[in-house]
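We will go stop by stop, with a short note on what to look for at each one.

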Amino acid sequence: MDSYSIFIVEDDPWYGEILEYHLTLNPEYQITRLTSGSQCLAQLHKRPQLITIDYSLPDMNGKQLLQRIRSANPDLPVIFISGQEDVGTAVELLKMGANDYLVKDDHTKDLLWNSIVRIRENQRLKQEVEQLREELGQKYEFEKTILGSSAAMKRVFAIMEKAARTSINVSVTGETGTGKELVAKAIHYNSERAKKPFVPVNMAAIPADLLESELFGHEKGAFTGAIARKIGKFEEAAKGTLFLDEIAELDLNLQSKLLRVLQERELVRVGGNEKVKLDVRLIVATHRNLAKEVKEGHFREDLYYRIMGLPVELPPLRQRDNDVLMLAKSFLQEACKTNKLGPLQLSNSAKEMLKQYPFPGNVRELKAVIELAAVMSNGQEVTADDLHLNTVGGDNFLLSDAKTMKEYNIGIIRHLLKANNNNIQKVADILDIGKSTIYKMIQNKEIVLPV
Ligand SMILES: Nc1ncnc2c1ncn2[C@@H]1O[C@H](COP(=O)(O)OP(=O)(O)OP(=O)(O)O)[C@@H](O)[C@H]1O
């Protein structure tokens, strides 16, 4: 049984007795009764997990006591119990970080009981989230997740380390599938902010008219359909990292709004007046050349300088020397494990083919090609024939250079759908993309599924 230590600070012995009696109905609660503020402060080293305080104590008032508790432990839950209903004091105490304010009446015992249950549940969830984030952080140790030992990738790791040690903004550029999001996550989970949220938002995936409220939040009634207040991604990422992917797709109007928010370090939710202070590390990414976008008038120069921060340029896979083979081996191992296949090797011919191929879809494409090859192979090794770099959507598909990136994408998805009985979820998982991307292609008739 988990014990939970509660201090009851109450100078009226009779009322203290009632509270103690009621709370000990839960055998987990270990109660310590104290009758003054100074007694409470002197016992804080015993690490109570929650404190209830009578607002008017003989030696100090509730505000003074709360201030001193907060400076010793900013997270310790505190519930006030007051002899009178005084909304002003209640609001002030809650603003100072009290968790609840109850008035002494017939229902106090039950309200207190419920309040403690709620606070414990919040504490439990918070602990769980922190633990999960810690585990994620371990998962994102740079060199364990971002594979690469080429000179080009070593330079990337060196800049990432600098980024992780500071809180300055970071901009990640690189062709599609080079690992921009992976880099952003690794910086976050290796930084001081690791225990706070990493919030990714893809500028290209959200319709322009929804993006403002998605980023900055909205107040109830701000527009038709705004039935309740909603906090935006900036607020969701408080004390953590906001990852704005495909930043070049932001329209000029929203670029100005974003610039203002970043300059003033505060935001106002759509349809509201209240100013909300910001504390986020911003990481942006794009596959475009932002400097060129600025020159062509598509991107604001002042915003460009504000978000550029520390630039991380991810080289395309074809410029990473032997990383292609290292990645291929690792993806092959992973594919064997997930598909419950015996261990497979890459044949020499397969290695040669991978080294020659330019990989327009970069690491993402390599991963998909290898996963498919693992499934296709029926021997001990993956041969050049299993790689099927040239079978997607017809002969020499991937080797023909007259294709746009979009055509490659459609070709790969078409092929994988065929190989996986048109299981959209499975193909989305293999390619590490959202199902919506595939549905959009079907809607646009770029892909036709058999009826
Ligand atoms: N160096 C690497 N080592 C291992 N896996 C990698 C590496 N780089 C990328 N990947 C994997 O490749 C896939 C694509 O990576 P990611 O989504 O980060 O790319 P991206 O550049 O953000 O793509 P896009 O431009 O399409 O948004 C992911 O599954 C990721 O885990």
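The tour below moves from a sheet to a core and then to the ligand.

Keep in mind that this is a predicted model, where local features need pLDDT of at least 70, side-chain atom pairs count only at pLDDT 80 or more, and totals for chains, interfaces and linings use all residues. Residues are numbered from 1 along each chain as its sequence is written.

Stop 1: Five strands form an open, parallel sheet in the order 7-8-11-6-12 (strands are DSSP runs of E, at least two residues, and helices are H or I runs of at least four, numbered from the N terminus; two strands pair if DSSP finds at least two bridges between them). Select 198-202 and 310-313 to see the edges, strand 7 and strand 12, each of which pairs on one side only.

**Stop 2: strand 11.** Now select residues 281-286, which pair in the parallel sense with strand 6 (residues 170-173) over four bridges. Strand 8 also pairs with strand 11 in the parallel sense, over four bridges. Click on I283: V170 is its bridge partner, and F243 stands opposite I283 too. Six of the six residues of strand 11 are buried, so the strand is largely enclosed by the rest of the structure (buried means 20 or more other C-beta atoms, placed from the backbone, within 10 Å of the residue's own; exposed means 12 or fewer, partly exposed in between).

**Stop 3: the largest nonpolar core.** Show V172, V183, I187, L244, I247, I283 and V312, which touch the most other members of this 39-residue core (a set of buried Ala, Val, Leu, Ile, Met, Phe, Trp, Tyr and Cys residues joined through C-beta atoms within 7 Å). Helix 8 gives the most to this core, with five residues.

**Stop 4: helix 8.** Select 180-189, where eight of the ten residues are buried. Among them are K180, V183 and H188.

**Stop 5: the ligand.** Which residues come nearest to the ligand? Of the 18 around it, they are G179, K180, E181, L182 and V363 (a residue counts as near if its C-beta atom, placed from the backbone, lies within 6 Å). Helix 8 and helix 16 (362-376) each supply at least two residues of this shell.
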